[in-house]
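Here's a quick briefing to read with the model open.

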Amino acid sequence: MDREDWAAAGHHLAEARRLRPYDARVEALAGRLSKEAVARIRKALDQGRVDTAESLLRVAAPAVGDNLQVRELRDIVADIATASAALEHGDARSAGRILHRVKAQLPGAKWVNEAIGLAEKIVTSRDALTAGPLGLISDGYASAARAANPRPTIPATGALSVTPIVYDRMGLDAMNGSRDVLPKQFLIQVDGCGAALATCEGTVTIGPVSSKDRPDVGLMADPAAPTVTIRRVQDDYFIRSERTVKVNGKAMNETLLNNGDKVELSPRCLFKFRVPHAASTTAVLELTGTRLVRGDVKRVVLLDKQLVVGAGPACHVRADEAEEPMILCVRDGRLVCQSSQMVKVGAGTYDPQAGVPMDTPVCVGPMTFRVTEA
């Protein structure tokens, strides 16, 4: 650390922590490295050197642990990567929304203001184009043109390259004729990572499971806690309650939800609202101080067309063992798996026409998951 060789310092400190996890000297050095790394990462982000910030995060995280400051910086870098991915796919509006969040976390970064301005110019220019003659083309011709020139598949992260999907063709008869209809609510269970509840409804009620009017998502909470309604309108989510709830500490009955908002139904019943991926309007509710009836479910996915399963904060369902992100899409009442890795279903193979079957283990690389009824 004295000679600012952060890679070597991180490596040796991580090994020291493994060998002597309770040594006060190790903790003191970890605190020093954390302080130095956080300061330098923030400076790099302020200067627009996201590559340097990424490198320092990789060095520091194993040595100092997943503390709050490191986790916040990792989320900022992930937001920047997601904004970049949105821009690559022509979604300047979503990129601008994410960059506004980054601006609040990096008030001294001038490059963020410049990027927001450029993204807003793209949105304004696109709106102006579609308001002119280009917007007068008939739906029939536009649909034919889109069919002839399809957009690329939405990536799960900014670093994911689109590669052909590989399927195991052995034993196709094991899946022939399977046409499981996707229920309105279902569980995604990832081996070693717990489960998430996914709901396909655009409007969902959330509250105590023992309340008079049973909510769509029942929480193990004080029966006196209010029930809220979350409604998706195009790309936005609104929360409404007949009784006052707190959003980011402010009492209200109805408001627009933004990524990162904290909703408090009662002092022990809270959840955080997140839209992890800019290329998807699927949202996530991360439960705190409460849970569903099933104790291993701490995350509710408000599914809109597709969700991403993989490692990192940009995924809707966390699966840290996943080598690459995987996308689950709702298509014709079924759940369809998209991955660059080989997909296997039970002892047989995956048929993309049939979709993901219920109550059957599905292997995607080293990750195994199953979809069950809630």
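Strand E18 (residues 367–373) is mostly covered, with 5 of its 7 residues buried (under 20% relative accessible area, using a 1.4 Å probe and protein chains only). Bear in mind that this is a predicted model, where local features need pLDDT of at least 70, side-chain atom pairs count only at pLDDT 80 or more, and totals for chains, interfaces and linings use all residues. Residues are numbered from 1 along each chain as its sequence is written, and side-chain values use heavy atoms, leaving out hydrogens and water. Helices (H or I, at least four residues) and strands (E, at least two) are DSSP runs, numbered from the N terminus.

**Around E18**
- Strand E1 (residues 185–190) runs antiparallel to E18, and 5 bridges join them; two strands count as paired if DSSP finds at least two bridges between them.
- Within that pairing, Val190 has Phe369 in E18 as its bridge partner.
- E18 is also joined by 3 bridges to strand E17 (residues 362–364), again antiparallel, and here Cys363 stands opposite Thr368.
- E17 and E18 make a hairpin with 2 residues between them, and Gly365 in the turn has a positive phi of about 60°.

**An open sheet**
- Four strands line up in the order E13-E12-E14-E15 as an open sheet with mixed pairing.
- At its edges sit strand E13 (317–318) and strand E15 (334–338), each pairing on one side only.
- Strand E14 (residues 326–331) pairs with E15 in the antiparallel sense over 5 bridges, and Ile327 has Gln338 in E15 as its bridge partner.

**E6, E8 and E9**
- Strand E6 (residues 236–247) and strand E8 (residues 262–266) run antiparallel and are joined by 2 bridges.
- E8 is also joined to strand E9 (residues 269–274), by 4 antiparallel bridges, and the two form a hairpin with 2 residues between them.
- Glu264 in E8 is the bridge partner of Lys246, and Glu264 also stands opposite Leu270 in E9.

**The H4/H5 pair**
- Helix H4 (residues 68–88) packs against helix H5 (residues 92–105) at an angle of about 160°, with axes 8 Å apart; axes are lines fitted to C-alpha atoms over the stretch in contact, and angles run from 0 to 180 degrees between N-to-C directions.
- H4 and H5 are therefore roughly antiparallel (over 145 degrees).
- Residues in contact (heavy atoms within 4.5 Å) include Ile76, Ile80 and Leu87 in H4, and Ile98, Leu99 and Val102 in H5.

Notes
Angles under 35 degrees count as roughly parallel, over 145 as roughly antiparallel, 65 to 115 as roughly perpendicular and the rest as oblique. Buried means under 20% relative accessible area, exposed over 50%, partly exposed in between (1.4 Å probe, protein chains only).
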